[in-house]
Each structure stands twice: as C-alpha cells, then as structure tokens.
Amino acid sequence: MTIRCTLFAAAAAALALGLAACGTPAPTPATVAAVPAALQPAAGEKRAFVQHARGVQIYNCAAADGAAPAWAFVAPEAELFDSAASTTVIGSHGAGPSWQSPDGSKVAGKLKSRADAPTAGAIPWLLLTTTSTGGAGKMAGVSSIQRVNTTGGLAPGGGCMSKDDVGKLARVPYAADYVFFVAGG
C-alpha cells in the first residue's frame, strides 16, 4: 500500500509540474471578479469587443493656491492589444479619454460611474459613456466602455511633497481590459 501511495503521489506531483509549465491563461472579463452593478452598460447595449491596454497613467505634481502639492491625474497613454498575451498593437488609448483603431475610427468618452478595483494597488474600474465617435470602422458604433481587470496605475506615494516638486511628471505603468459596447440587442 505504501509503494502504491508513493507512486500515486509522485505521479500527481509530475502532473502538477507539467500543468504549471503550461502557464496560466491571461485574465479575461470572464475569469476575474464580477463587474459591479454600477458599472453595467444600459439594458439596450451589447458587448462588441474587448481590448487589453498596457501603458502608463500620467500624473503631474501640482498645488492649488495655499494647498500642499499632490499628484493630479493628467491622462492615460497606452497601446491596445487583442489579449493580455498579445504583442501586436491594434490601437491606442490616450487623453480625453479616447481610443483609436488603426482603421481610423475613434471614440471619446466621459466618466459615468466608478468602483474600487478588487485588486489592491490598482486604479479603479470605470464605466464611461461615449461623447463622440469619428471615422468609419471598429469604434464607430461604440456607445459605452468599461475599464476592468486593472493592475497598477495609482498615483505615486511620494515624490510630490514640496513646492520644488511642483511640475514633475510621473508615468505609472498599468494594464486594463476595455470592454466596448454598442447599442442594440
């Protein structure tokens, strides 16, 4: 019995090592924490596509009159991919906020609601509504956008403490999935 248990344990360990070598799939909206109700799109919208972003959140050290300096969000700057594992750029994300596809179509949005990220140290999850679209193509019919599955991107904890720091920029790495929705269905 001991030999059989030992052989079984060795086989189980080998299988576990073999599976670990295969790697873990990249997170997708279906494999992470559920999206909060406050971030759900309107009832008449349907999910069109998801793009993974990798880039930076840009912050500026600023001080209002008489206030202590603090990091203020400026803009995102990221490349878009069709998955977290992809290395092929399929668009860009920048100030506005805005998203642009290589086909020339683009969309800009504004914040509708936000929720704390379920992962510590990550920027919040968002629901944005479209304020404008341009060009014919992939982004043309987008009506709202979710930012989910965020990692990183929070303002630095230090480096903006005195008037000498005012004007400094910080570029903080982040990643997120942007889920694009279109009206209808």
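Modeller: Buried means under 20% relative accessible area, exposed over 50%, and partly exposed in between. The model discussed here is predicted.

Biologist: How many strands make up the closed barrel?

Modeller: The order is β1-β2-β3-β4-β5-β6-β7-β8, and the pairing is antiparallel.

Biologist: Over how many bridges do β1 and β8 pair?

Modeller: Strand β1 covers residues 45-62 and strand β8 covers residues 169-183. V56 stands opposite P173 in β8. The two strands run antiparallel, and the bridges between β1 and β8 number 15.

Biologist: Which residue is the bridge partner of V56 in β2?

Modeller: β1 and β2 pair in the antiparallel sense over 11 bridges. In β2, V56 is bridged to E77.

Biologist: How many bridges join β4 and β5?

Modeller: β4 spans residues 98-100 and β5 spans residues 106-115. Q100 has K106 as its bridge partner in β5. The pairing is antiparallel, and its bridges number 3.

Biologist: Which residue is the bridge partner of L128 in β7?

Modeller: Start at β5, which pairs with β6 (residues 125-134) over 9 antiparallel bridges. There L111 has L128 as its partner in β6. Next, 4 bridges join β6 to β7, again antiparallel. In β7, L128 is bridged to I145.

Biologist: Turn to the aromatic rings. Why is the pair of F49 and F180 called stacked, and what is the angle between the planes?

Modeller: The structure holds 4 aromatic pairs. For F49 and F180 the ring centres are 4.6 Å apart. Planes under 30 degrees apart count as stacked. The pair meets that cut-off because its planes lie at 15 degrees.

Biologist: How many residues apart are F49 and F180?

Modeller: F49 sits in strand β1 and F180 in strand β8, so called by their numbering from the N terminus. The pair links distant parts of the chain, with a separation of 131 residues.

Biologist: Are F49 and F180 buried or exposed?

Modeller: The cut-off is under 20% relative accessible area. Both F49 and F180 count as buried.

Biologist: What kind of aromatic pair do W99 and F180 form?

Modeller: Their centres are 6.0 Å apart, with 90 degrees between the planes.

Biologist: Where in the chain does W99 lie?

Modeller: W99 is buried, as is F180. The two are 81 residues apart, with F180 in β8 and W99 in strand β4.

Biologist: Which residues form the aromatic cluster?

Modeller: The F49 and F180 rings form a stacked pair. The one cluster consists of F49, W99, Y178 and F180.

Biologist: Which residue lies over the face of F49?

Modeller: There is such an arrangement at F81, where R54 lies over the face at 3.7 Å from the ring centre. At F49, the distance to the ring centre is 4.5 Å and the residue is K138.

Biologist: Why is the disulfide of C61 and C160 right-handed, and what is its torsion?

Modeller: The search finds 1 disulfide in the whole structure. C61 and C160 form it, with sulfur atoms 2.1 Å apart. It is right-handed because the S-S torsion is about 85 degrees.

Biologist: How many residues apart in sequence are C61 and C160?

Modeller: C61 is buried, and so is C160. C61 lies in strand β1, and C160 in the loop between β7 (142-152) and β8. The bond thus ties together parts whose separation in sequence is 99 residues.

Biologist: Which residue forms a salt bridge with R171?

Modeller: The structure has 2 salt bridges. In this one the closest N and O atoms are 2.4 Å apart. R171 lies in strand β8, 94 residues from its partner in strand β2 (residues 70-81). That partner is E77.

Biologist: What is the relative accessibility of E77?

Modeller: R171 is partly exposed, at 47% relative accessible area. E77 is also partly exposed, at 41%.

Biologist: What is the relative accessible area of D165?

Modeller: D165 forms a salt bridge with K168, the closest N and O atoms being 2.8 Å apart. K168 is partly exposed, at 40%. D165 is buried, with a value of 12%.

Notes:
Residues are numbered from 1 along each chain as its sequence is written. This is a predicted model: local features need pLDDT of at least 70, side-chain atom pairs count only at pLDDT 80 or more; totals for chains, interfaces and linings use all residues. Side-chain values use heavy atoms; hydrogens and water are left out. Two strands pair if DSSP finds at least two bridges between them. Rings of Phe, Tyr and Trp (its six-membered ring) pair if their centres lie within 6.5 Å; planes under 30 degrees apart count as stacked, over 60 as edge-to-face and the rest as tilted. Buried means under 20% relative accessible area, exposed over 50%, partly exposed in between (1.4 Å probe, protein chains only). A charge sits over a ring if NZ of Lys or CZ of Arg is within 6 Å of the ring centre and within 35 degrees of the ring normal. A disulfide is a pair of cysteine sulfur atoms within 2.5 Å. A salt bridge is a side-chain nitrogen of Lys or Arg within 4 Å of a carboxyl oxygen of Asp or Glu.
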